[in-house]
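Hi,

Here is the structure I promised to send over. Have a look at it first, and then read on for what turned up.

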Amino acid sequence: MSKLWWQTKGEGDVNLVLLHGWGLNAEVWHCISAELGSHFRLHLVDLPGYGRSQDFGALTLPEMAEAVLAQAPEKAIYLGWSLGGLVASQIALTHPERARALVTVASSPCFAAREDWPGIKPEVLAGFQQQLSENFQRTVERFLALQTLGTESARQDARLLKAVVLEQPMPEVEVLNGGLEILKTADLRDQLTQLAMPFLRMYGYLDGLVPRKVAALLDERYPASECIIFPKAAHAPFISHPADFCSALVTLKNVLEE
């Protein structure tokens, strides 16, 4: 069985598994890993087919979750950003005994717009799939640029994301397409109403991929969950607002340890 690239670091006694978004890799957490590492035992992962975890084809959402669990500690907080939020949610739903808490960042249980549900228009995702086959590096760069639009540090944040992608091996087109297929079809909205563990949702007010309306709708669906919206952040709040982001996670850890 293929193994994921996996790095464990940090001095804390609580395991925190960090799952990145579509097209990227674990280097995206570089800007917060030192700070978080003083509070948590961090597990940095390249998702199957991404970055240094190259020996995978396109996987389904349940298959991605199982691949992560196969190398994960017995019990951890699972934090997933964007597509990684779906993987973290899938783990929390199918193996609740392995998750101390679920944290989703700029993520949605249903990314695609549906009737009465805000999200990415299906034709936009279909367009990305089409463009991937023509010029996949440019398509990934366009997607990254979308993630920082509107923030005060947009240009600098986009540069950081692009550097993270280009620093490691690029995913195969098949893997990127598989990820877009998950974003297009996954819908965990109803399943997550059954979640019994602590559930923290973090959003950027300026996010162009996960509309802020999603946060309000999920406040109603998951009244026991906690919601944080970073007012001047877009799709990558941990890059634009690292101190506030880390502070929210340390607060969660303190609550779990009470």
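**Cavities**

Searching the whole structure turns up 2 cavities of 30 Å³ or more. Before the details, a word on the model: it is predicted, so local features need pLDDT of at least 70 and side-chain atom pairs count only at pLDDT 80 or more, while totals for chains, interfaces and linings use all residues. Residues are numbered from 1 along each chain as its sequence is written, and side-chain values use heavy atoms, with hydrogens and water left out.

A cavity here is a set of points, on a 1 Å grid over the protein atoms alone, where a 1.4 Å probe fits but cannot get out; lining residues have an atom within 4 Å of a point. Grid points are joined across faces, edges and corners, and the volume is the space filled by probe spheres set on the points.

The largest cavity holds about 70 Å³ of space. Its lining has 13 residues, and T104, S108, P109, F199 and L218 lie nearest the centre. (Helices, H or I with at least four residues, and strands, E with at least two, are DSSP runs numbered from the N terminus.) By class, the lining of the largest cavity has 7 nonpolar, 5 polar and 1 charged residues. For these classes, Ala, Val, Leu, Ile, Met, Phe, Trp, Tyr, Cys and Pro are nonpolar, Asp, Glu, Lys and Arg are charged, and the others, Gly among them, are polar.

The second largest cavity comes to about 40 Å³. Among the residues that line it are P48, Y50, M64, V175 and I182. Helix α6 (residues 173–185) gives the most to this lining, with 4 residues. The lining of the second largest cavity splits into 7 nonpolar, 3 polar and no charged residues.

**The sheet**

Seven strands make an open sheet with mixed pairing, in the order β1-β3-β2-β4-β5-β6-β7. At its edges are β1 (6–9) and β7 (226–230), each pairing on one side only. Two strands pair if DSSP finds at least two bridges between them. Neighbouring strands are turned by 15° against each other on average, direction ignored; the axes behind that angle are lines fitted to C-alpha atoms, and angles run from 0 to 180 degrees between N-to-C directions. Inside the sheet, β2 (residues 15–19) and β3 (residues 41–45) run parallel and are joined by 5 bridges. L16 stands opposite L42 in β3.

G85 lies in helix α3. It counts as buried because its relative accessibility is 0%; buried means under 20% relative accessible area, exposed over 50%, and partly exposed in between (1.4 Å probe, protein chains only). Leaving out residues up to four places away in sequence, G85 touches G80, T104 and S107, where contact means heavy atoms within 4.5 Å. From G85 to N254 is 169 residues in sequence and 22 Å in space, C-alpha to C-alpha.

Most residues other than glycine have a negative phi. Which residue in the loop between β4 (76–81) and α3 is worth a look, then? S82 sits there, with a positive phi near 55°, and S82 is buried at a relative accessible area of 6%. A106 is not a glycine either, yet has a positive phi of about 45°. You will find A106 in the loop between β5 (99–105) and α4 (122–148), buried with a relative accessible area of 0%.

Cheers

Definitions and conventions
On a 1 Å grid over the protein atoms alone, a cavity is a set of points where a 1.4 Å probe fits but cannot get out, and a pocket is an open set with protein on both sides within 12 Å along at least five of seven lines; lining residues have an atom within 4 Å of a point.
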